[in-house]
Amino acid sequence: MFNVSSIRQDFPILEKEIHGHPLTYLDNSATSQKPIQVIEAISHFYQNSNANVHRGVHQLSDESTQAWENSRRTIAKFFGADPAELIMVRNTTEALNGIAYGWADHNLQEGDVILTTSEEHHSNLVTWQEVAKRKNARLEFIAIDEAGRLDLSDLEEKLKNLPVKLVALVHVSNALGVVQPISEVVTRVKKLKPQARVVLDAAQSAPHMPLNFDHLGVDFMTLSGHKMLGPMGSGVLLVKKKLLQDQEMKPWLFGGGMIAEVQLETSTFHEDSAERFTAGTPDVASAVGLAAACEYLSKIKMSEVEKHDRELVAYALEKLSQVPEVKIVGPVSPPPDSSQVDRLGSVAFLYEGVHAHDVAQILDSQGVAVRSGHHCTMPLHQHFGWPATVRASFQIYNSTSEIETLVSALAEVKKVFS
Amino acid sequence: MSSADLYQELVLEHFHRPQHQGQIDTPTTTASNINASCGDAVTVDLQIDSQTGQIKDLKWRGQGCAISTAATSLLAEKIMDEEMTAAQVSNLNHKSALALLGLEEVAPGRKKCLELGLKTIQKALEQTEPSPK
């Protein structure tokens, strides 16, 4: 039974007061809070098992290596992947850049097309802009509607007619909350451009729904551990085993740990893909923390996490629609083929006559933490003519009463600016 | 800082009725700036007397939050009311902007909003300075 108040007890920071009000933390798309179990796992590692991995024969080094390997196994399993498919990174941005340097730089040719959308987070856009510059490739954008939903027939047209080599797509938009139909996309890519690789930016889906890398059918998946109760500095890159084994994806960081043999002029790299893609001392403590977060979420069950999140999104859509000055961006009602709104994780909006920054500032004075600005989606905001939006985003410890607090705090905005 | 402190009458007055908005047909200099973190954007046109360096006219336009709008409006008003010169305006800084709004400080997240108008005016002025020999 999903119990928000007992979950909240695991999160010490939620007891804080902000400007004399209880903290209402609704900025989870930016980063999530951490349960004491994750904090203690990290602390325990540093207090008991800290040493460098793989490099020594002493007891502590063994313990640290075990902690590293066990954490990797836990994390890979949580996402339905083989540990050999897991590369630990610092965040989604680093994961996407890793694909750019490790895969795109070696596999894209002049004239190739990278297919993406105008609603991508800058990390899944600017990265490919730079690749396009380096390789003389070009970007093309799948059309979206006013809620940010993909135009699947435009996707088909582009797959048919353009030399698409890479499709880079967000799973859940951090700005609009829209959930893209990944299986529909993958089916079309496999049918129309089977040679093309698919990158899935799962930064905003991993915290809110069960994901199985094996079943999704994408070639690469990226996400941030820190958005799903894990520590900052933890991020995940999953790569289909074959791409690593066949060396279609190559290392982009070189040095210690990833080598087999080093001579003065040349070196060979480790046969084991996990080792080959772990250059330098890894952040074992963060991996331990993320593994603890995966275990914490597994106990609650991601299907329950998703159900709770959808309830919060539905409640926020309902209550915010009742505020006359608020205009919600992204999906507000189910798409034609469904009974459920295709929105997860967040509700963002405009407030008539008041800049998002001022809304967020006044909400902060009431203890409500939201984010304002363009949320690293400048092209999207420009496309729709929004100077900035306010975004409330959710996690397992948020409740419907906190959404009511958000709405009451908005009344203060009206008072100040009337 | 409570919203009462930040959004006092002066700020709201200049947000709702910003002064010196518009454009100059043939300005001596013009500059634009965007606050990348929040979407505030401002463009400033200046007419400068080449003999005295006095700013004879200042017009600005753009979209932004209450803080950046009020700060730019109050700054434009000060420059025009006090018949300030380019040199005097170049010496203004974060503290001057705060003083204009009657604030002791703003949160780090709002610093760029506060300074947007000032930095844009100073950018326009820099463009008129003779280049170093």
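**Notes on the two-chain model**

1. A:Gly373 stands opposite A:Thr389 in β17(A). That is one spot along the antiparallel pairing of β16(A) with strand β17 (residues 389-393) of chain A, which holds three bridges. Strands here are DSSP E runs of at least two residues, helices are H or I runs of at least four, and both are numbered from the N terminus. Two strands count as paired if DSSP finds at least two bridges between them.

2. Ground rules before going on. This is a predicted model, where local features need pLDDT of at least 70 and side-chain atom pairs count only at pLDDT 80 or more, while totals for chains, interfaces and linings use all residues. Residues are numbered from 1 along each chain as its sequence is written, chains are lettered from A and ligands numbered from 1 in the order in which they are written, and side-chain values use heavy atoms, with hydrogens and water left out.

3. Back to that sheet. It is open, with four strands in the order β13-β14-β17-β16 (chain A) and antiparallel pairing. β13 (326-329) and β16 (371-373) of chain A have a single partner strand each, so one side of each is left without a neighbour in the sheet. From one strand to the next the twist averages 30°; axes are lines fitted to C-alpha atoms (for helices, over the stretch in contact), with angles between N-to-C directions running from 0 to 180 degrees. Helix α12 (residues 302-321) of chain A lies across β13 and β14 (346-351) of chain A, at about 15° to β14(A).

4. The other sheet to look at in chain A is open too, with seven strands ordered β4-β10-β9-β8-β7-β5-β6 and mixed pairing. Its edge strands are β4 (86-89) and β6 (138-142) of chain A. Neighbouring strands are turned by 20° against each other on average, direction ignored. Within it, strand β8 (residues 197-201) of chain A runs parallel to strand β9 (residues 220-224) of chain A, with three bridges; A:Leu200 has A:Met221 as its bridge partner in β9(A).

5. Which helices pack on that sheet? Helix α3 (residues 59-78) of chain A touches β4 and β10 (235-239) of chain A, at about 110° to β4(A). Helix α5 (residues 126-135) of chain A touches β5 (113-117), β6, β7 (164-170) and β8 of chain A, and makes about 140° with β6(A). Contact means heavy atoms within 4.5 Å.

6. A:Arg134 and A:Asp105 meet in one at 3.1 Å, N to O. A:Arg134 sits in helix α5 and A:Asp105 in helix α4 (residues 92-107) of chain A, so the pair ties together parts 29 residues apart in sequence. A:Arg197 and A:Asp219 form another, with closest N and O atoms 3.7 Å apart, and both residues are buried (under 20% relative accessible area; exposed is over 50%, partly exposed in between, with a 1.4 Å probe and protein chains only). A:Asp27, A:Arg371 and A:Arg391 are linked in a salt-bridge network.

7. A:Arg276, in helix α10 (residues 273-276) of chain A, deserves a look. What does it do for charge pairing? It is buried without a salt bridge, and the nearest side chain of opposite charge, A:Asp272, is 7.0 Å away. For that, Lys and Arg count as positive, Asp and Glu as negative, and His and the chain ends are not counted. Its side chain does reach the backbone oxygen of A:His270 at 3.0 Å, and a polar atom of that side chain lies 3.0 Å from the backbone oxygen of A:Glu271.

8. A:Glu402, in helix α15 (residues 400-417) of chain A, is buried at 6% relative accessible area. Its side chain makes a polar contact with that of A:Arg8 at 3.2 Å. Such a contact is a pair of N or O atoms within 3.5 Å; within protein, one must be able to donate a hydrogen and the other to accept it, and residues adjacent in sequence count only if both atoms are side-chain atoms.

9. In helix α13 (residues 356-365) of chain A, nine of the ten residues are buried, so the helix is largely enclosed by the rest of the structure. A:Gly367, which follows α13(A), has a positive phi near 85°.

10. For chain B, strand β1 (residues 29-35) and strand β2 (residues 40-48) pair antiparallel over seven bridges. Their hairpin has four residues between the strands, and B:Gly39 takes a positive phi near 90° there. B:Lys119 is partly exposed at 44%, whereas B:Glu115 is buried at 7%.

Note on methods. A salt bridge is a side-chain nitrogen of Lys or Arg within 4 Å of a carboxyl oxygen of Asp or Glu.
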